Amino acid sequence: MKLTTRLIMAFILIMMLPIVVAIVFAVLMRTFSGVRPLSIVLPVVAIVVAIGFFVAAWAYFGIFRPIGELQKATREIRDGNLDYEINIDDLGRDEVGELCAEFNDMRLRLKESQEAKINADRENREMISNISHDLKTPITAIKGYVEGIMDGVASSPEKLDRYVRTIYNKANDMDRLIDELTFYSKIDTNRVPYNFAKINVKDYFGDCIEEVSLDLEAQNIHIVYRNSVDSYVEIIADPEQMKRVINNIISNSIKYMDKSTKIIWFTITDIGDFIQVDIRDNGRGVDARDLAKIFERFYRTDASRNSSAGGSGIGLSIVKKIIEDHGGQIWATGAVGEGLEMHFVIRKHREVIDE
Ligand SMILES: Nc1ncnc2c1ncn2[C@@H]1O[C@H](COP(=O)(O)OP(=O)(O)OP(=O)(O)O)[C@@H](O)[C@H]1O
Ligand SMILES: [Mg+2]
(Lines give C-alpha, C1' and ligand atoms only; values in the text may rest on other atoms or scores of the structure.)
(Ligands and ions follow the chains in the order given, each with its own letter.)
Protein backbone atom coordinates (compact mmCIF):
# COMPACT_ATOMS: atom_id res chain seq x y z
CA MET A 1 0.00 0.00 0.00
CA LYS A 2 1.33 3.48 -0.91
CA LEU A 3 2.38 5.85 1.83
CA THR A 4 -0.17 8.43 0.58
CA THR A 5 -3.07 5.93 0.82
CA ARG A 6 -1.99 4.92 4.30
CA LEU A 7 -1.86 8.52 5.49
CA ILE A 8 -5.26 9.36 3.91
CA MET A 9 -6.81 6.36 5.67
CA ALA A 10 -5.19 7.39 8.95
CA PHE A 11 -6.59 10.96 8.53
CA ILE A 12 -10.10 9.64 7.81
CA LEU A 13 -9.99 7.34 10.82
CA ILE A 14 -8.72 10.14 13.07
CA MET A 15 -11.41 12.51 11.71
CA MET A 16 -14.15 9.88 12.08
CA LEU A 17 -13.52 9.42 15.80
CA PRO A 18 -14.60 12.90 17.02
CA ILE A 19 -17.49 12.91 14.51
CA VAL A 20 -18.81 9.55 15.85
CA VAL A 21 -18.37 10.77 19.43
CA ALA A 22 -20.25 13.99 18.54
CA ILE A 23 -23.09 12.02 16.92
CA VAL A 24 -23.40 9.67 19.93
CA PHE A 25 -23.29 12.67 22.25
CA ALA A 26 -25.99 14.48 20.18
CA VAL A 27 -28.27 11.40 20.16
CA LEU A 28 -27.92 11.09 23.94
CA MET A 29 -28.63 14.83 24.41
CA ARG A 30 -31.73 14.62 22.20
CA THR A 31 -32.98 11.52 24.03
CA PHE A 32 -32.47 12.92 27.50
CA SER A 33 -32.75 16.70 27.19
CA GLY A 34 -34.51 17.30 23.84
CA VAL A 35 -31.70 19.51 22.34
CA ARG A 36 -31.44 19.46 18.43
CA PRO A 37 -28.42 17.26 17.52
CA LEU A 38 -27.45 19.23 14.35
CA SER A 39 -26.47 22.25 16.46
CA ILE A 40 -23.74 20.05 18.04
CA VAL A 41 -22.77 17.78 15.13
CA LEU A 42 -22.34 20.49 12.46
CA PRO A 43 -19.83 22.69 14.32
CA VAL A 44 -17.84 19.61 15.40
CA VAL A 45 -17.77 18.25 11.82
CA ALA A 46 -16.74 21.70 10.50
CA ILE A 47 -13.89 22.01 13.05
CA VAL A 48 -12.68 18.45 12.46
CA VAL A 49 -12.73 18.87 8.64
CA ALA A 50 -10.87 22.19 8.91
CA ILE A 51 -8.21 20.63 11.16
CA GLY A 52 -8.05 17.67 8.79
CA PHE A 53 -7.35 19.94 5.79
CA PHE A 54 -4.76 21.87 7.72
CA VAL A 55 -2.93 18.69 8.78
CA ALA A 56 -3.17 17.28 5.22
CA ALA A 57 -1.67 20.48 3.73
CA TRP A 58 1.05 20.50 6.36
CA ALA A 59 1.92 16.85 5.63
CA TYR A 60 1.83 17.49 1.88
CA PHE A 61 4.22 20.44 1.96
CA GLY A 62 6.46 18.96 4.66
CA ILE A 63 6.71 15.37 3.46
CA PHE A 64 5.03 14.51 0.16
CA ARG A 65 6.36 17.36 -1.96
CA PRO A 66 10.02 16.86 -0.97
CA ILE A 67 9.62 13.09 -1.39
CA GLY A 68 8.08 13.69 -4.83
CA GLU A 69 11.05 15.95 -5.71
CA LEU A 70 13.48 13.32 -4.43
CA GLN A 71 11.76 10.67 -6.53
CA LYS A 72 11.95 12.85 -9.63
CA ALA A 73 15.64 13.65 -9.03
CA THR A 74 16.44 9.95 -8.52
CA ARG A 75 14.79 9.11 -11.85
CA GLU A 76 16.74 11.90 -13.59
CA ILE A 77 20.05 10.59 -12.19
CA ARG A 78 19.10 7.02 -13.12
CA ASP A 79 18.55 8.26 -16.68
CA GLY A 80 22.00 9.88 -16.68
CA ASN A 81 21.04 13.53 -16.09
CA LEU A 82 23.49 14.58 -13.39
CA ASP A 83 22.59 18.27 -13.79
CA TYR A 84 19.15 17.92 -12.18
CA GLU A 85 19.20 19.75 -8.87
CA ILE A 86 16.49 19.70 -6.19
CA ASN A 87 15.53 23.26 -5.31
CA ILE A 88 15.89 23.13 -1.54
CA ASP A 89 15.15 26.83 -0.98
CA ASP A 90 11.39 26.34 -0.69
CA LEU A 91 11.67 23.07 1.24
CA GLY A 92 11.72 23.10 5.02
CA ARG A 93 14.89 22.86 7.12
CA ASP A 94 13.64 19.58 8.65
CA GLU A 95 14.96 16.02 8.21
CA VAL A 96 13.38 15.65 4.76
CA GLY A 97 14.85 19.01 3.66
CA GLU A 98 18.25 17.86 4.93
CA LEU A 99 17.86 14.59 3.06
CA CYS A 100 17.24 16.55 -0.15
CA ALA A 101 20.30 18.76 0.51
CA GLU A 102 22.44 15.64 1.04
CA PHE A 103 20.99 14.17 -2.13
CA ASN A 104 22.14 17.30 -4.02
CA ASP A 105 25.58 16.87 -2.48
CA MET A 106 25.71 13.26 -3.60
CA ARG A 107 24.69 14.29 -7.13
CA LEU A 108 27.52 16.85 -7.26
CA ARG A 109 30.08 14.24 -6.19
CA LEU A 110 28.77 11.76 -8.72
CA LYS A 111 29.04 14.44 -11.38
CA GLU A 112 32.61 15.28 -10.36
CA SER A 113 33.70 11.67 -10.42
CA GLN A 114 32.00 11.15 -13.78
CA GLU A 115 33.80 14.20 -15.19
CA ALA A 116 37.11 12.98 -13.75
CA LYS A 117 36.55 9.62 -15.43
CA ILE A 118 35.72 11.26 -18.77
CA ASN A 119 38.90 13.37 -18.48
CA ALA A 120 41.02 10.36 -17.55
CA ASP A 121 39.60 8.42 -20.51
CA ARG A 122 40.33 11.34 -22.84
CA GLU A 123 43.87 11.69 -21.46
CA ASN A 124 44.46 7.97 -21.93
CA ARG A 125 43.28 8.14 -25.52
CA GLU A 126 45.54 11.15 -26.13
CA MET A 127 48.40 9.36 -24.42
CA ILE A 128 48.04 6.29 -26.65
CA SER A 129 47.88 8.47 -29.73
CA ASN A 130 50.96 10.47 -28.59
CA ILE A 131 52.96 7.34 -27.78
CA SER A 132 52.03 5.79 -31.13
CA HIS A 133 53.10 8.98 -32.89
CA ASP A 134 56.39 9.29 -31.00
CA LEU A 135 57.28 5.63 -31.58
CA LYS A 136 56.09 5.61 -35.16
CA THR A 137 58.35 8.52 -36.19
CA PRO A 138 61.73 6.79 -35.47
CA ILE A 139 60.39 3.43 -36.69
CA THR A 140 59.40 4.96 -40.03
CA ALA A 141 62.87 6.49 -40.33
CA ILE A 142 64.59 3.19 -39.41
CA LYS A 143 62.46 1.33 -41.97
CA GLY A 144 63.33 3.91 -44.64
CA TYR A 145 67.09 3.64 -44.03
CA VAL A 146 67.03 -0.18 -43.88
CA GLU A 147 65.11 -0.29 -47.18
CA GLY A 148 67.69 2.13 -48.60
CA ILE A 149 70.47 -0.26 -47.60
CA MET A 150 68.58 -3.30 -48.99
CA ASP A 151 67.94 -1.51 -52.29
CA GLY A 152 71.63 -0.61 -52.56
CA VAL A 153 71.07 3.15 -52.22
CA ALA A 154 73.92 3.29 -49.67
CA SER A 155 76.41 2.59 -52.38
CA SER A 156 79.60 3.92 -50.75
CA PRO A 157 81.04 2.82 -47.36
CA GLU A 158 80.60 6.44 -46.08
CA LYS A 159 76.95 6.47 -47.06
CA LEU A 160 76.41 3.07 -45.49
CA ASP A 161 78.12 4.29 -42.31
CA ARG A 162 75.84 7.37 -42.21
CA TYR A 163 72.76 5.22 -42.70
CA VAL A 164 73.78 2.80 -39.94
CA ARG A 165 74.55 5.68 -37.56
CA THR A 166 71.16 7.24 -38.21
CA ILE A 167 69.45 3.90 -37.57
CA TYR A 168 71.43 3.58 -34.34
CA ASN A 169 70.44 7.12 -33.21
CA LYS A 170 66.77 6.53 -34.01
CA ALA A 171 66.82 3.24 -32.09
CA ASN A 172 68.41 5.15 -29.19
CA ASP A 173 65.60 7.76 -29.33
CA MET A 174 63.04 4.96 -29.06
CA ASP A 175 64.94 3.34 -26.22
CA ARG A 176 65.06 6.64 -24.31
CA LEU A 177 61.36 7.27 -24.91
CA ILE A 178 60.44 3.80 -23.65
CA ASP A 179 62.64 4.29 -20.57
CA GLU A 180 60.96 7.64 -19.85
CA LEU A 181 57.51 6.16 -20.35
CA THR A 182 58.29 3.26 -18.02
CA PHE A 183 59.61 5.67 -15.39
CA TYR A 184 56.62 7.98 -15.82
CA SER A 185 54.12 5.15 -15.43
CA LYS A 186 55.96 3.95 -12.31
CA ILE A 187 56.14 7.37 -10.70
CA ASP A 188 52.55 8.19 -11.66
CA THR A 189 51.28 5.10 -9.89
CA ASN A 190 53.58 5.71 -6.90
CA ARG A 191 55.76 2.70 -7.62
CA VAL A 192 59.03 4.61 -7.38
CA PRO A 193 60.43 4.16 -3.89
CA TYR A 194 62.00 7.41 -2.72
CA ASN A 195 65.20 7.26 -0.73
CA PHE A 196 64.78 10.42 1.31
CA ALA A 197 67.84 11.71 3.08
CA LYS A 198 69.07 14.86 4.80
CA ILE A 199 70.79 16.94 2.13
CA ASN A 200 73.01 19.93 2.69
CA VAL A 201 71.77 22.52 0.19
CA LYS A 202 75.10 24.22 -0.45
CA ASP A 203 77.11 21.00 -0.94
CA TYR A 204 74.47 19.12 -2.90
CA PHE A 205 73.59 21.84 -5.42
CA GLY A 206 77.26 22.87 -5.68
CA ASP A 207 78.14 19.31 -6.77
CA CYS A 208 75.20 19.21 -9.19
CA ILE A 209 76.29 22.42 -10.88
CA GLU A 210 79.86 21.18 -11.17
CA GLU A 211 78.58 18.04 -12.88
CA VAL A 212 76.30 19.79 -15.38
CA SER A 213 78.66 22.67 -16.12
CA LEU A 214 81.12 20.35 -17.90
CA ASP A 215 78.37 19.30 -20.26
CA LEU A 216 77.18 22.89 -20.68
CA GLU A 217 80.67 24.21 -21.39
CA ALA A 218 81.03 21.65 -24.15
CA GLN A 219 77.89 23.10 -25.72
CA ASN A 220 79.06 26.66 -25.29
CA ILE A 221 76.43 27.49 -22.65
CA HIS A 222 77.40 29.75 -19.78
CA ILE A 223 75.95 28.96 -16.32
CA VAL A 224 75.67 31.59 -13.57
CA TYR A 225 75.27 29.93 -10.17
CA ARG A 226 74.27 31.85 -7.05
CA ASN A 227 73.48 30.21 -3.73
CA SER A 228 72.72 32.60 -0.87
CA VAL A 229 71.52 29.90 1.53
CA ASP A 230 73.45 29.51 4.81
CA SER A 231 75.94 26.65 4.73
CA TYR A 232 74.10 24.67 7.46
CA VAL A 233 70.69 24.65 5.71
CA GLU A 234 69.40 21.18 4.89
CA ILE A 235 66.40 19.72 3.06
CA ILE A 236 64.90 16.23 3.11
CA ALA A 237 65.04 14.89 -0.43
CA ASP A 238 65.91 11.93 -2.60
CA PRO A 239 69.29 12.97 -4.09
CA GLU A 240 68.87 10.84 -7.20
CA GLN A 241 65.37 12.13 -8.02
CA MET A 242 66.37 15.72 -7.26
CA LYS A 243 69.16 15.30 -9.81
CA ARG A 244 66.59 14.06 -12.30
CA VAL A 245 64.60 17.27 -11.69
CA ILE A 246 67.62 19.47 -12.37
CA ASN A 247 68.72 17.46 -15.40
CA ASN A 248 65.25 17.54 -16.96
CA ILE A 249 64.95 21.31 -16.48
CA ILE A 250 68.46 22.05 -17.75
CA SER A 251 68.13 19.68 -20.70
CA ASN A 252 65.04 21.67 -21.72
CA SER A 253 67.01 24.91 -21.44
CA ILE A 254 69.62 23.41 -23.75
CA LYS A 255 67.07 21.94 -26.17
CA TYR A 256 64.97 25.10 -26.52
CA MET A 257 67.91 27.54 -26.65
CA ASP A 258 67.78 29.77 -29.71
CA LYS A 259 70.32 32.54 -28.93
CA SER A 260 73.94 32.75 -29.93
CA THR A 261 74.98 33.81 -26.41
CA LYS A 262 73.52 30.99 -24.32
CA ILE A 263 73.10 31.59 -20.60
CA ILE A 264 71.47 29.68 -17.73
CA TRP A 265 71.04 31.36 -14.33
CA PHE A 266 70.77 28.97 -11.40
CA THR A 267 69.80 30.71 -8.17
CA ILE A 268 69.00 29.31 -4.73
CA THR A 269 67.46 31.54 -2.06
CA ASP A 270 66.37 31.04 1.53
CA ILE A 271 62.74 32.12 1.86
CA GLY A 272 62.06 31.25 5.49
CA ASP A 273 60.61 27.77 5.87
CA PHE A 274 61.56 26.87 2.30
CA ILE A 275 64.43 27.15 -0.11
CA GLN A 276 63.56 28.42 -3.58
CA VAL A 277 65.41 27.24 -6.67
CA ASP A 278 65.12 29.40 -9.81
CA ILE A 279 66.50 28.14 -13.12
CA ARG A 280 66.29 30.71 -15.90
CA ASP A 281 67.45 30.50 -19.49
CA ASN A 282 67.54 33.00 -22.35
CA GLY A 283 66.04 30.55 -24.86
CA ARG A 284 62.88 30.76 -26.92
CA GLY A 285 60.52 30.85 -23.90
CA VAL A 286 56.88 29.81 -23.71
CA ASP A 287 53.71 31.79 -24.37
CA ALA A 288 52.13 33.03 -21.09
CA ARG A 289 48.95 31.03 -21.84
CA ASP A 290 50.94 27.79 -22.05
CA LEU A 291 53.07 28.25 -18.95
CA ALA A 292 50.84 26.13 -16.69
CA LYS A 293 50.26 23.49 -19.36
CA ILE A 294 53.91 22.59 -19.88
CA PHE A 295 53.73 20.44 -16.71
CA GLU A 296 50.92 18.30 -18.16
CA ARG A 297 52.00 14.91 -19.40
CA PHE A 298 52.70 14.80 -23.15
CA TYR A 299 52.15 18.53 -23.50
CA ARG A 300 54.40 20.23 -26.02
CA THR A 301 54.04 23.78 -27.27
CA ASP A 302 54.56 22.31 -30.74
CA ALA A 303 51.19 20.58 -30.91
CA SER A 304 51.97 18.88 -34.21
CA ARG A 305 54.79 16.99 -32.44
CA ASN A 306 56.77 17.24 -35.64
CA SER A 307 59.54 19.67 -34.75
CA SER A 308 63.01 18.19 -34.62
CA ALA A 309 63.74 19.83 -31.25
CA GLY A 310 61.57 18.41 -28.55
CA GLY A 311 60.82 15.07 -27.04
CA SER A 312 57.53 13.62 -25.96
CA GLY A 313 56.48 16.12 -23.31
CA ILE A 314 57.04 13.79 -20.37
CA GLY A 315 60.09 15.50 -18.80
CA LEU A 316 58.30 18.27 -16.90
CA SER A 317 55.40 16.07 -15.75
CA ILE A 318 58.02 13.85 -14.08
CA VAL A 319 59.65 16.94 -12.56
CA LYS A 320 56.33 18.17 -11.16
CA LYS A 321 55.46 14.78 -9.68
CA ILE A 322 58.87 14.49 -7.98
CA ILE A 323 58.67 18.02 -6.52
CA GLU A 324 55.13 17.43 -5.26
CA ASP A 325 56.14 14.08 -3.77
CA HIS A 326 58.76 16.08 -1.86
CA GLY A 327 55.98 18.33 -0.50
CA GLY A 328 57.11 21.23 -2.70
CA GLN A 329 55.63 23.30 -5.51
CA ILE A 330 56.78 24.16 -9.01
CA TRP A 331 55.76 26.83 -11.50
CA ALA A 332 57.13 28.61 -14.55
CA THR A 333 57.37 32.22 -15.67
CA GLY A 334 58.90 34.04 -18.62
CA ALA A 335 57.97 35.33 -22.04
CA VAL A 336 58.26 34.16 -25.63
CA GLY A 337 61.62 35.13 -27.08
CA GLU A 338 63.09 36.09 -23.71
CA GLY A 339 63.42 32.73 -22.04
CA LEU A 340 61.82 30.48 -19.48
CA GLU A 341 62.26 30.53 -15.71
CA MET A 342 61.46 27.49 -13.58
CA HIS A 343 60.86 28.01 -9.89
CA PHE A 344 60.43 25.36 -7.24
CA VAL A 345 60.35 25.39 -3.46
CA ILE A 346 61.30 22.64 -1.02
CA ARG A 347 60.70 22.81 2.72
CA LYS A 348 63.79 23.19 4.88
CA HIS A 349 64.62 20.48 7.38
CA ARG A 350 64.42 21.57 10.99
CA GLU A 351 65.92 19.55 13.79
CA VAL A 352 63.27 18.92 16.48
CA ILE A 353 64.95 19.74 19.77
CA ASP A 354 63.52 18.15 22.94
CA GLU A 355 63.22 20.73 25.68
N1 LIG B 1 63.34 25.94 -21.24
C2 LIG B 1 62.32 25.90 -22.11
N3 LIG B 1 62.22 26.84 -23.10
C4 LIG B 1 61.18 26.81 -23.96
N5 LIG B 1 60.20 25.89 -23.96
C6 LIG B 1 60.25 24.94 -23.02
C7 LIG B 1 61.30 24.89 -22.05
N8 LIG B 1 61.08 23.85 -21.23
C9 LIG B 1 59.95 23.27 -21.67
N10 LIG B 1 59.45 23.90 -22.74
C11 LIG B 1 58.19 23.56 -23.47
O12 LIG B 1 57.43 22.71 -22.65
C13 LIG B 1 57.17 21.47 -23.29
C14 LIG B 1 57.16 20.34 -22.29
O15 LIG B 1 58.45 20.11 -21.77
P16 LIG B 1 58.86 18.64 -21.34
O17 LIG B 1 60.23 18.66 -20.78
O18 LIG B 1 57.76 18.11 -20.47
O19 LIG B 1 58.80 17.82 -22.69
P20 LIG B 1 59.85 17.72 -23.88
O21 LIG B 1 61.10 18.46 -23.55
O22 LIG B 1 59.12 18.11 -25.12
O23 LIG B 1 60.11 16.16 -23.96
P24 LIG B 1 60.93 15.22 -22.96
O25 LIG B 1 61.43 16.09 -21.84
O26 LIG B 1 59.94 14.22 -22.52
O27 LIG B 1 62.02 14.66 -23.77
C28 LIG B 1 58.26 21.35 -24.34
O29 LIG B 1 57.84 20.55 -25.43
C30 LIG B 1 58.48 22.80 -24.76
O31 LIG B 1 57.51 23.16 -25.70
MG1 LIG C 1 62.01 17.99 -21.67
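Domain bounds here come from an automatic or database domain assignment. That assignment gives the chain domain 1 (3-84), domain 2 (124-188) and domain 3 (197-347). The structure is a predicted model, in which local features need pLDDT of at least 70, side-chain atom pairs count only at pLDDT 80 or more, and totals for chains, interfaces and linings use all residues. Residues are numbered from 1 along each chain as its sequence is written, and side-chain values use heavy atoms, with hydrogens and water left out.

**Domain 2 against domain 3**

- The centres of domain 2 and domain 3, taken over C-alpha atoms, are separated by 28 Å.
- Contact (heavy atoms within 4.5 Å) joins 14 residues of domain 2 to 16 residues of domain 3.
- The two domains bury about 1300 Å² between them, 61% of it on carbon and sulfur atoms; buried area is the accessible area (1.4 Å probe) that two parts lose on being put together, summed over both.
- Phe183, Tyr184 and Ile187 supply 40% of the area that domain 2 buries against domain 3, more than any other three residues.

**Salt bridges**

- One salt bridge is counted between domain 2 and domain 3, the term requiring a side-chain nitrogen of Lys or Arg within 4 Å of a carboxyl oxygen of Asp or Glu.
- Arg297 and Asp188 form a salt bridge through their side chains (3.9 Å, N to O).

Definitions and conventions
Chains are lettered from A and ligands numbered from 1 in the order in which they are written.
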